[in-house]
Amino acid sequence: MKNICNWYVMQVRTGTEENICVQCRKDIPEAVLEKCFLPYYEEKRKIRGEWKILKKQLFSGYVFVISDDREQLYMHLKKVIGLTKLIGTGREIIPLAEEEVRFLLKFAGEEQIVSMSEGIIEGSKVLINSGPLKGMEGYIRKIDRHKRKAYLEIPFFGRTQNIQVGLEIVEKKI
């Protein structure tokens, strides 16, 4: 009987995430590594007078891997150049908690891309009308309307993570 696949997180030097993913996909057999990925978020930017949607990394300095063979995964990851550490307890790597996996799947979907959300501000309250932030207003710590971003604090990897995602505020009611 095949085990349920677990999600693991590797800490890497910021800026090397894509390179680490390429190494993992190339050097770790498919029987061991089901998937290696970086979650992204969409951001709107005005470039030369035109609005474009860009993809940015959701968690800088982290690479996610999915595997059902923890021992083999650990052995292969030891050979990855540039890997700082696996999130775990010293010598043992620990998978993400079930709630964290559910959160990522709900927030970023199967493709692991957090799309733009849309909302309004009523007085001092933010109300999200559509997108992945709908129902997650409590995580928002700050909004930058000019940059079209929301800054969130979420419990992840056993501590509070500060992340940013795309948010278009379409109306402000006083």
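Cys-21 is buried, with a relative accessible area of 1%. Buried means under 20% relative accessible area, exposed means over 50%, and partly exposed lies in between (1.4 Å probe, protein chains only). Cys-21 is in no disulfide. Its nearest cysteine sulfur belongs to Cys-36, 3.1 Å away. A disulfide here is a pair of cysteine sulfur atoms within 2.5 Å.

Cys-24 is buried too, at a relative accessible area of 0%. Cys-24 is also in no disulfide. For Cys-24, the nearest cysteine sulfur is that of Cys-36, 4.3 Å away. The count of disulfides by this rule is 0.

## Basis of the model

This is a predicted model: local features need pLDDT of at least 70, side-chain atom pairs count only at pLDDT 80 or more, and totals for chains, interfaces and linings use all residues. Residues are numbered from 1 along each chain as its sequence is written, and side-chain values use heavy atoms, with hydrogens and water left out.

## The open sheet

Three strands form an open sheet in the order β4-β3-β9, with mixed pairing. β4 (50-57) and β9 (113-114) stand at the edges. Each has a single partner strand, so one side of each lacks a neighbour in the sheet. Strands are DSSP runs (E, at least two residues), as helices are (H or I, at least four), numbered from the N terminus.

β3 (residues 40-47) pairs with β4 in the antiparallel sense over 8 bridges. Pairing requires that DSSP finds at least two bridges between two strands. Lys-46 stands opposite Trp-51 in β4.

## Helix α2

Helix α2 spans residues 70-77. Its buried residues are Leu-73, Tyr-74, His-76 and Leu-77. Seen down the axis of α2, they fall within an arc of 165°, so they line one face of the helix. The arc is that of the directions from the helix axis to the C-beta atoms.
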